[in-house]
Amino acid sequence: MAGRSLWLPGMKLKKQVTVCGAAIFCVAVFSLYLMLDRVQHDPARHQHGGNFPRSQISVLQNRIEQLEQLLEENHEIISHIKDSVLELTAHAEGPPLLLPYHTPNGSWVLPPEARPSFFSISPQDCQFALGSKGHKTELQMLAVYSLLPFDNQDGGVWKQGFDIAYEPHEWDDEPLQVFVVPHSHNDPGWIKTFDKYYYDQTQHILNSMVLKMQEDPRRRFIWSEISFFSKWWDNISSQKRAAVRRLVGNGQLEMVTGGWVMPDEANSHYFAMIDQLIEGHQWLEKNIGVTPRSGWAVDPFGHSPTMPYLLKRANLTSMLIQRVHYAIKKHFAATQNLEFMWRQTWDPDSSTDIFCHMMPFYSYDVPHTCGPDPKICCQFDFKRLPGGRINCPWKVPPRAITDANVAERAQLLLDQYRKKSKLYRSKVLLVPLGDDFRYDKPQEWDAQFLNYQRLFDFLNARPGLHVQAQFGTLSDYFDALYKRTGIVPGMRPPGFPVLSGDFFSYADREDHYWTGYYTSRPFYKSLDRVLESHLRGAEILYSLALSHARHAGMDSRYPLSDYALLTDARRNLGLFQHHDAITGTAKEAVVVDYGVRLLHSLMNLKRIIINAAHYLVLGDKDAYHYDPAAPFLGTDETRLNQDSLPEKTIIKVDEVPRFVVVFNPLEQERLGVVSLLVDAPRVRVLTEDGQPLAMQLSAHWTSATDMMPNVYEVSVPARVPALGLAVLQLSRAFEGHATLTASTHLHLHGRDLPVRRHDALPLRVLPIAASDFCLETQHLRACFAGPTGLLQSVRRAGEEQDQRLSSEFFIYGTRTSKDKSGAYLFLPDGEAKPYAPKDPPIVRVTEGPFFSEVASYYQHVQQVVRLYNVPGVEGLSLEVSCLVDIRDHVNKELALRFSTDIESEDTFFTDLNGFQIQPRRYLKKLPLQANFYPMPVMAYIQDKRSRLTLHTAQALGVSSLSSGQLEVILDRRLVQDDNRGLGQGLKDNKRTWSRFRLLLERRTTANKVQDSRPTSFPSLLSHATSMHLNAEVLVMPVAQEKTALPALRSFLPLAGTVPCDFHILNLRTLQAEDDSLPSAEAALILHRKGFDCGLEAKNLGFNCTTSQGKLVLGSLFQGLELGSLQPTSLTLMYPLGTASANNTVIHLEPMEIATFRLRFG
């Protein structure tokens, strides 16, 4: 099996020579055939039509020259093959190596693949994306958007709504039941850091809560952020803990949602959303023994349908949302559609339905929650009683409730309750009572709870009012509603609508669209995803290493202390999903605090991966010795500070081989180019068993014109096993017989600049700008504009003509009037203007056998477009990277726009949380900024012939402002606050790399009906491209340079292949009773992706098959038996079947995510 893990596995020598001989013969015959073919189809003949005898001679001359050239090419090819064979038979130490060769027209040809892969999809698996089964929902958000006028009319006291009227006798038959729900919204970092908020406010809120709730059993409170709650729990006495358990047990205190944070729903990736939910739920189950039933999301800036899906799969029955476009709130209020069953667009029945309550007014604070008139509601926020630190902006203060005023006050409040109730279908009313960091002093508990209790007592004692009012938790409200409508919790109440779609983009007033935060602080949005892919890799490798070590009875020698680091990393990634963290909307000092946490965990995860890889690659496990002071492997890169870009590790090569371990975190075998930095130009790269690999030698550039001295980039195409580890050897070579050197042209564009170069690498420096040029691989030809080095067009192998695909940079300004763009809002001063730097760019073109690239250096951005010349996923798309630095800009945003001839009209597609695709429509009736959407992993445009997908490695804002275009905002620098409470602009920009892949696919079966549906799916190639971009291989050099090494072996964890529509989202070792130690159980989380077969299938470079959702887990992991397997709810709180060792065949429907509790025998 070992040879399988790398490219170019060897054969017996004689057989190889025979094969080469046959190949030479074939090439010769084929070349002659080509010559004849070319002579017959000579375009010159058609042009001249034989009418001009005097040109006949020149035509003949041309023909002869062509033939000579062809013979010469043929001769070159054959002699090249001969030389390879001769050279390799001379070095008869190992099997021969077929090298790529350079043809006279300038392109590199790779030898045929030793082991071609296949692509086989069963027709049944193509039915899902055709979507005939999907149910029609009454409320389709895309349709609602098309329908609404967005006219923002003045609605009176409820400014964004309308006047609400009611008849006094409406409640005579069925009284109004009011639940006032006290809450305190605690941001885990925003204006202050997480710790500062905890010490200044949160601990006092929770301490007073225990005290004050025990004073009266009618009091209620809800809490949602487990990050804060767990920190407090660690600091309180066992008596206090017992009191908390009592309060939860008797229903006074409810834990809502129960995630580590209340996550952002625009930029967050579904791996991290699930992970923070599991972290919170596991904590609650272990410490309090409680399972959340209702979701509470009052502050995320727009809402994604991924959240209801995850909550439903975690067995929650109801949820609440608040920040939705004011025009949609008004429309839903007018039609009594504020409560609905939220269903996934791709759901063929109703299995994803969850009951959702949308709050109707502007905010979740007290003035906007008791009813439509904030001037009145503010008088019932008793924290604002005269003499306090905050007052009512409407100039009428609250009054303490006394026997003298209770009748008048209660009547005033009841009027608001009744009006609010008219917006909903049931006679049960939800009235939240709270705000940010409320209830932090005992006086505030008294003011709110005592005054409200007096009001409730008055109302409830008067049957003529037909109202019953009380404190309640969120689930108290939902339970009462279900009871009134006569249904089981979680089912659809009769007459309530079904909705599908999402709630982006959000505006809270006027044209103030919250679309800026889709890009704000892109450096950290990128770091977040690097940490996420490391966490997933570390979880899986740790679980495998630990299971193998236990299986071998070696677990006492394994560093179990890594588990505490893993928990810490889960929590730091979870913390960053908070809606003021990944959003880029916190104060500068808070951003630094998040950055330090992310970097700290990234470094720890690299250590965990190294420790696991160390154990797994040892041929002789008895030789395993963990030394915390001297890790067996070095890291692939280092980061100096939380805001530094990574620096790749430089490997010292010597005559003694250096070993390198390559980790592939994907569940599919991966064929790709592995690049290493070394300190010498003459290097040999061998497989673990000593077979030489062909390699490309390129320069490592520190700037547009400087090669880094004594550092070289070595690139080898390698196959790395699925979720596995491959071993490579590096040593110094005396003659680089397998070294293929990349050549570089540097265009200085008329600038006289010094160039620092190496002798070992060919470099041509040209003072003038280039003319337009093209780069070609076996899959793609990309053409570039000479003066700019920017992409112009692309042609896929086997196609007749180029397709326009040009890229250009643009700049958005901000308004001159009072409201300007800030961390949250995007308020541009009109359309973008082309980016016009003061100097033309320096353009550097590098060509080599395994990759070629074009780098354009502008003043504020450096763009690199790279083409990989390898079979499969890596070679089928263009890699585009931008290094952005706009620290000298004022109130500017930098955009990258791609333009094509694709007739996409007003439609484009963006993903939601990397989990699903949402069709979008560019709406002319909305301002420009309203047409931007979050792009966590991809966006695409299409027509009946083609689809162009922009894949991204970091969340950014995206739009398609006209037909055939896609544009992404790369960074924004804004010097003022945008009046949403932050009190700062965005001035802490960093040098930031943004990484993309551009994938152009041919559509084979497109039809109008399918394209107008509210669902769309990527192809399998597109899914794989996204995975490759987001889960890069990790290259770790063995740390010891000189000492003799134990034998190292590739590690292949999987006995079979995983169907290529399955994704192993996580294999997460669960905590033991002592939460710093691992238990014997792990959570296996699987996702079956929905995909579209209507795009031309290509060889993906790995064997890709699908199985109608069937996966046999029993025999999946090589060398490990499954002791037991139990299907559970998403966050493991509810078993969904019995644990068994025999029944290990699982079945998943497309798009579904499923969790299993497993134990290896």
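1. The side chain of R529 reaches the backbone oxygen of T952 at 3.4 Å. A polar contact is a pair of N or O atoms within 3.5 Å; within protein, one must be able to donate a hydrogen and the other to accept it, and residues adjacent in sequence count only if both atoms are side-chain atoms.

2. This is a predicted model, in which local features need pLDDT of at least 70 and side-chain atom pairs count only at pLDDT 80 or more, while totals for chains, interfaces and linings use all residues. Residues are numbered from 1 along each chain as its sequence is written, and side-chain values use heavy atoms, with hydrogens and water left out.

3. R529 lies in helix 16 (residues 522–551). Not counting residues up to four places away in sequence, R529 touches (heavy atoms within 4.5 Å) residues including H269, P936, T952 and N1030.

4. Helix 7 (residues 226–233) and helix 9 (residues 270–287) have axes that come within 10 Å and cross at roughly 35°; the crossing is left-handed. I226, F229, S230 and W233 of helix 7 meet G280, W283, L284 and N287 of helix 9.

5. I487 sits in the loop between helix 15 (474–485) and strand 14 (498–500). I487 counts as buried because its relative accessibility is 19%. Leaving aside neighbours within four places in sequence, I487 is in contact with Y482, R492, P493 and P494.

Note on methods
Helices (H or I, at least four residues) and strands (E, at least two) are DSSP runs, numbered from the N terminus. Axes are lines fitted to C-alpha atoms, for helices over the stretch in contact, and angles run from 0 to 180 degrees between N-to-C directions. A crossing is left-handed if the near helix is turned anticlockwise from the far one by less than a right angle, and right-handed if clockwise. Buried means under 20% relative accessible area, exposed over 50%, partly exposed in between (1.4 Å probe, protein chains only).
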